[in-house]
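I opened this entry to record what I looked up, one element at a time. My notes follow the order in which I went through the model.

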Amino acid sequence: MISHRDRNAQRISALDERAEALHLKRGMGIADARAMHPSIDIVEADPEADRRLLEGLADWCDRYTPLVALDSTDGLFLDVTGCTHLFGGERAMLDDILSRFFHQGFDVRAGLAATPGAAWAAARFSGDLIVASGEEDALLAPLPLSALRIDPEIRTSLESVGLRTAGAVMAAPRAPLARRFGASLLLRLDQALGRLDEAVSPRLPVAPLSVERHLCEPVMLTDEIERLVRLLAMTLKTDLERRGEGARTLALLLFRVDGAVSRIAVGTSRPLREPLLIQRLFHERLAALEQDIDAGYGFDLVRLSVLSAAAFDMQQADLTGETEDDGADIALFADRIRARLGNSAVLRPVAVESHLPERAVATLPFTEAPQRTTPPKKPERMKAPTTIFRPERPIRLFRSPEPIEVPATEMPEGPPMNFRWRRALYRVARAEGPERIASEWWRVQQGQEDAPTRDYFRIEDSDGRRYWLYRQGLYGAGQPSPRWYMHGVFA
């Protein structure tokens with residue numbers, strides 16, 4: 001028996017058949033239950049563990065339909081529309097579900113009907129019943145009011161006026177019921193009878209494309225799983241070609257015979273549909289998760305799904321069968337590294353709109369970074385008559401500028417004569433500058449920051465080493481003394 005706290009009192013939340021045989025009921029106080037039967041065993045409820053178990057069962061039910069939703073804390077909704085013929089019909093599918101749950105150690109009650117409300121009532125009050133379309137009235141009529149899934153307050157009010165069954169509510173005039181008990185009562189009634197549609201919201205997004213294979217003999221080895229991935233990818237390629245798309249995110253679902261489900265996802269930097277390349281990506285991912293995937297007694301169902309897709313650009317091949325896409329090999333290499341080591345294993349620098357050098361570049365995951373494309377050639381008449389050379393930048397730019405000591409300068413706005421950096425004194429032989437860089441005007445207008453102006457200098461010391469340093473701030477009356485920083489080295 002399981003207990004939970006309700007308004008400063010411990011009450012029964014769940015009980016087994018032996019406890020029911022002792023005339024104990026849900027909601028009864030633990031003190032009263034112990035007074036009746038002092039030897040009963042009571043376990044404190046763990047809602048979080050119950051939730052994880054229910055979500056695991058929902059994952060396992062994905063073998064029957066991708067439309068699986070959680071129903072409160074102890075039930076599941078499965079929208080099996082168009083799926084029953086894959087299992088030999090409605091009765092065969094229902095028997096298969098009950099049999100598999102029984103062998104996993106669960107006591108399950110199921111109902112199948114044309115409406116979620118009727119299926120809910122059949123599962124909880126009739127058990128293992130298939131309700132034909134149009135027979136919802138006959139099913140609900142003799143059942144108690146709780147079969148309508150209404151609030152306890154409304155149910156108590158209905159019982160106080162003598163309406164104790166769903167059939168009594170269906171026979172009563174609708175207008176007085178709506179005025180006295182609210183519209184939610186009629187809404188639940190109409191949903192159960194099929195007069196109003198009730199959508200089942202799946203807990204996971206439905207993949208636009210999926211292929212699967214039921215196995216007569218469960219597989220356990222990684223090589224066998226990879227071979228199945230390639231076979232499924234070959235079938236998936238046909239569907240992707242018909243839609244003119246390539247996969248960007250793929251998910252491999254491995255259904256274990258004892259109910260556990262393993263989900264393995266890989267992402268691609270470019271739309272992909274080639275089965276061999278898909279197999280290579282999952283080879284890397286399976287190798288990385290080899291210690292985390294427990295095959296148990298084996299997997300009897302393998303499914304490959306496309307979670308997201310994008311338009312696939314066809315590349316013209318030459319006579320040798322090779323394309324001119326030089327970035328394809330790099331993209332595949334990055335995808336395989338990310339599949340094994342994670343999305344943050346391969347980063348790409350991306351230019352950012354900022355004048356300050358340390359903010360002008362950001363590193364993003366390979367798939368999130370925009371792909372480099374070759375710009376179109378400009379007509380001859382649009383070409384600039386002169387070439388503009390950008391200012392020279394250091395080979396190595398420090399992540400954060402490092403402060404330096406400058407004892408004196410040739411002139412207030414000129415370069416330093418010597419400076420001390422990392423406890424070493426450097427004598428300036430040549431200098432070029434300044435190059436003035438200020439904060440972005442849009443940041444200043446928005447009030448985000450008001451950083452001092454920077455004057456950058458390219459410095460060469462007496463030994464021929466070159467540096468990139470800057471003075472932050474300006475000399476002037478009433479202003480703080482400028483500070484000097486080392487921002488990079490040229491060689």
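I began at the end of helix α11, which is followed by Gly-244, a residue with a positive phi near 70°. The model is predicted, so I kept in mind that local features need pLDDT of at least 70, that side-chain atom pairs count only at pLDDT 80 or more, and that totals for chains, interfaces and linings use all residues. I number residues from 1 along each chain as its sequence is written, and side-chain values use heavy atoms, with hydrogens and water left out. Helices (H or I, at least four residues) and strands (E, at least two) are DSSP runs, numbered from the N terminus.

Next I checked the span of α11: its 22 residues reach 31 Å from the first C-alpha to the last, close to the 32 Å expected at 1.5 Å a residue, where the expected span is 1.5 Å times one less than the number of residues.

I then turned to the sheet, which is open and has four strands in the order β8-β11-β9-β10, with antiparallel pairing; two strands pair if DSSP finds at least two bridges between them. The edge strands, each pairing on one side only, are β8 (209–219) and β10 (261–272). Strand β9 (residues 245–256) pairs with β10 over eight bridges in the antiparallel sense, and Leu-252 stands opposite Ile-264 in β10.

Helix α11 (residues 222–243) packs on this sheet, touching β8, β9, β10 and β11 (299–311), and its direction makes about 155° with that of β8. For this angle, axes are lines fitted to C-alpha atoms, for helices over the stretch in contact, and angles run from 0 to 180 degrees between N-to-C directions; contact means heavy atoms within 4.5 Å.

Which residues of α11 are buried? I noted Ile-225, Glu-226, Leu-228, Val-229, Leu-232, Ala-233, Leu-236, Asp-239 and Leu-240, taking buried as under 20% relative accessible area, exposed as over 50% and partly exposed as in between (1.4 Å probe, protein chains only). The buried residues of α11 pack against β8, β9, β10, α12 (275–288) and β11.

My last stop was Asp-300, which lies in strand β11 and is buried, with a relative accessible area of 10%. A polar contact of 3.0 Å joins its side chain to that of Arg-63; such a contact is a pair of N or O atoms within 3.5 Å, and within protein one must be able to donate a hydrogen and the other to accept it, while residues adjacent in sequence count only if both atoms are side-chain atoms. Leaving aside residues up to four places away in sequence, I found that Asp-300 touches several residues, including Arg-100, Arg-213, His-214 and Phe-255.
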